[in-house]
Amino acid sequence: MIKGFSKLSKVEKIDYIIERYFHDNDNQKNLLKNFWHEDENLQKTLDEFSENTISNFIFPYGVVPNFVLNNETLMVPMVIEESSVVAALSKASKFWATRGGFKSEVINTQKVGQVHFITHADKSKVERFFSEHKSTLIALASSLSESMEKRGGGLEDIKLIDLTDKEAGYYQLFATFQTCDAMGANYINTILEALGRYINERFKPIDSDIQIVMCILSNYTPNCIVRSWVECHVSELEVPSHHMSGADFARKIVRAVKIAKIDPYRATTHNKGIFNGVDGVVLATGNDFRAVEACGHAYASRAGQYSSLTSASFDEDSGMFRFEIELPLSLGTVGGLTKLHPLANFSLKLLGDPSAAKLMSIAATVGLAQNFAALRSLVTSGIQKGHMKMHLMNILNQLEANDSEKDHIKNLFNDKVVSFNDVKEAISDLRSLS
Ligand code: MEV
C-alpha cells in the first residue's frame, strides 16, 4: 500500500506506476507523456477536472450533419468510440430530413432531492412538525437560492413521505426543484444539506435521537422529461434495396419495438443503442452520462419490468407511421464542465448555445434517431454488414495496414462480410505479393 500517492507530482506518479507495473519501460512513460497537451494551461485545466491524473484519454469527436429538429437544421457533436454509430446516425438524420425532420417537446424540467431521516417519534408529531415548519423550510431554501431564483428556478415544493412500513422510523423530505440551464446537482445538494441541518436541530426537542441519514439529489428525474418523435406516411418508408414496401417495413419496426417492450434481454440492447446516441451528445457537451444512463434505465423499468424507451405505431387505416421516445434527461448548459472543457464549450456553440431544455430535445432525439438506424438495419440487412464495414478500419489499424493496403482491402471487402480472420488473411496475401 502506498501512502501519500496523491501528493506526488505528476511525473513522480508516472515513475512510480511504470516502475511498479511496467518494469521501468520508457515506452510506456513516453506513451503517457505523448498524450499530454502541449498547452500547459489547458493541460492544467484538464488535470484539475479529476485527481491523480497522469495523462489524457482521447476519444473521437465526430459530427452529424443534416439533423433537422423542430424545423432547424443542426450539426450535432458526438463523442463516441464505437465505429458505425455516427455513420448510422448521419444516415438516419438524412433519411428523416426529407420526411419532415424530427420533432420534440420538453414536457417538464423538474429535478428531485431527498433528505432521508430516521425518527421513532409518533407519526402525528412528525407530520405536525413538518406542517408547522414547511414554510420556514421553504424560506430557508429561498434564502440560499438568490441567483437561482433570479433566473426563474429554485425549490418548487417539499413533501413528507412516510416509509416506516419499509424501514422502522424511515421518513423522507422529498423536494422538487427547477434549476434552469444548470443540471443543478451542487445547488440541490446545498439546499438539501441546509434543510437537513434545520430538521436535525429543530426536531431534537421532539426526538433527541433523530438521525439525518443523508441529504442528496436523486438522479431519478421522471418529471425532467422530453418527448421526441418522427412520423410519415408509409409510402415514404419503402426499402427498395430489400424489395420491401413501406407498410412491411413499418410493421417490422413496430414488431421489433414490441419485442423490446416485452423482453428485458432485447430491451437492454435496444436501449443500449439509444444511449449510443444520447451519451455521444451528453459527453460532447460535458454532461454527466452516468446520471443520464442511471435515470434512463430506472425510467425504462418504471412499470416493474425493464422495457423499451421507444415506441412505434403504424395505423393501417391512415397509413401513418410514428416512432417516439420519451426520455428523462437531466442536463445542463451552464455549470459543471460545460463551459470549462474547451470542447464541451465548442459543442454548445456549435449547437447555437442551447438552453438545457433544448439540449434535452437534441439528446433525446439523437437517441431516437440512433434507435431507428439500428432497427432499420436489424429488420433489413442485419447489423453486421454495416457494423463490420466500419469495424474494418479498426481491424486494419490493428494489423498496422498502410494507406494503400487499406484502400485495397476496403475495395476487396466492399460487398463481403468482414471478419478479423478474413482481413488478416487478405493482408498477408497482399503482403506476400509485394
Ligand atoms: C450496438 O452498439 C447497438 C445495437 O445492438 C442496438 C440494437 O440492437 O438495437 C445495434
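Biologist: Which element gives the most to the lining of the second largest pocket?

Modeller: Nine residues of that lining come from the element that gives the most, α12. This is a predicted model, where local features need pLDDT of at least 70, side-chain atom pairs count only at pLDDT 80 or more, and totals for chains, interfaces and linings use all residues. Residues are numbered from 1 along each chain as its sequence is written, and side-chain values use heavy atoms, leaving out hydrogens and water. Helices (H or I, at least four residues) and strands (E, at least two) are DSSP runs numbered from the N terminus, and the top contributor to this lining is α12.

Biologist: How many residues line the second largest pocket?

Modeller: On a 1 Å grid over the protein atoms alone, a pocket is an open set of points with protein on both sides within 12 Å along at least five of seven lines, where a 1.4 Å probe fits; lining residues have an atom within 4 Å of a point. Ala 88 and Ser 377 are among those nearest the centre. The total is 34.

Biologist: Which residue meets Lys 134 in a salt bridge?

Modeller: A salt bridge is a side-chain nitrogen of Lys or Arg within 4 Å of a carboxyl oxygen of Asp or Glu. Here the N to O distance is 3.2 Å, and the partner of Lys 134 is Asp 157.

Biologist: How far apart in sequence are the parts that Lys 134 and Asp 157 tie together?

Modeller: Lys 134 lies in helix α5, whereas Asp 157 is in strand β4. The pair therefore joins parts separated in sequence by 23 residues.
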